[in-house]
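Here is my note on the model. Please keep the structure open while reading.

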Amino acid sequence: MRKKPNLALRMERCAALLIRDPASKRGRWRELYPAAREVRLEIGCGKGRFSAETAEQNPDVLYIALERVPDAMIVAMERCQAKGLTNIFFIDGDAALLRDYFAPGEVSLLYINFCDPWPGVKHARRRLTHEQFLVLYRGILAPGGQIHFKSDNHDLFEWSLFQFPKAGYALSEVTRDLHGGGICGVMTDYEEKFHRMGTPINRCVGTKEPMDPEPEFKPIAGPLSRPQEGSAP
């Protein structure tokens, strides 16, 4: 990600979209947009094409986009500002701390688009679809809440399909060629680039199911030491 010129000034211009203390909003996110029927969260929004277009298409939903790379997030915020969107806000934060940012059941749908595959067994725990991350998400998802996961990385996707059931999610809409029959849904910039190159896009939906007992959550060390792949578009 190249450094953006005049970053500080541009961030200031978009200050209304940035939540600088997300923990202070825990349990109170809907106050930002009282008309919202639900709250959705995207982890690693990158330059925000998916974020902006999805929020624009769903004006009755409150979107929260998390991104750790300011040079990517500013592009996302400017996109949303240019569209005049009032139902989306941004967090510069760490996915490992989501339970500090959101109250139990506060999020209805969570998007993970093209996260870093962290190849190598020793880095598996850093993958955003690792069982412990999926357990973490259970703590903020509403009953029956969903995770929508997309990846161009075949190995990560196949590995992830085994992680979801272990963490109490029912899998559905599993596809290894999402756009094989034509463009399906909103794309990220990264996704469009690799689709044009002929790279198949994998996608699945994980739906939170009741578990008794609820799986134990073990705090995840953070912040992650390098940006997610989704930050690159």
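How many disulfides does a search of the whole structure find?

1. Cysteines. The search finds 0 disulfides, a disulfide being a pair of cysteine sulfur atoms within 2.5 Å. The sulfur of Cys80 has its closest cysteine sulfur in Cys45, at 8.0 Å, which is too far for a bond. For Cys184 the closest cysteine sulfur is that of Cys204, at 14 Å, again too far.

2. Basis. This is a predicted model: local features need pLDDT of at least 70 and side-chain atom pairs count only at pLDDT 80 or more, while totals for chains, interfaces and linings use all residues. Residues are numbered from 1 along each chain as its sequence is written, and side-chain values use heavy atoms, with hydrogens and water left out.

3. Cys80 is buried, at 0% relative accessible area. Cys184 is partly exposed, at 40%. Buried means under 20%, exposed over 50%, partly exposed in between (1.4 Å probe, protein chains only).

4. Asn87. This residue sits in the loop between helix 3 (70-82) and strand 4 (88-91). Helices (H or I, at least four residues) and strands (E, at least two) are DSSP runs, numbered from the N terminus. Asn87 is buried, at 3% relative accessibility. Its side chain reaches the backbone oxygen of Ala55 at 3.1 Å. Leaving aside residues up to four places away in sequence, Asn87 touches Tyr33, Ala55, Asn58, Pro59, Val61, Leu62 and Tyr63; contact means heavy atoms within 4.5 Å.

Definitions and conventions
A polar contact is a pair of N or O atoms within 3.5 Å; within protein, one must be able to donate a hydrogen and the other to accept it, and residues adjacent in sequence count only if both atoms are side-chain atoms.
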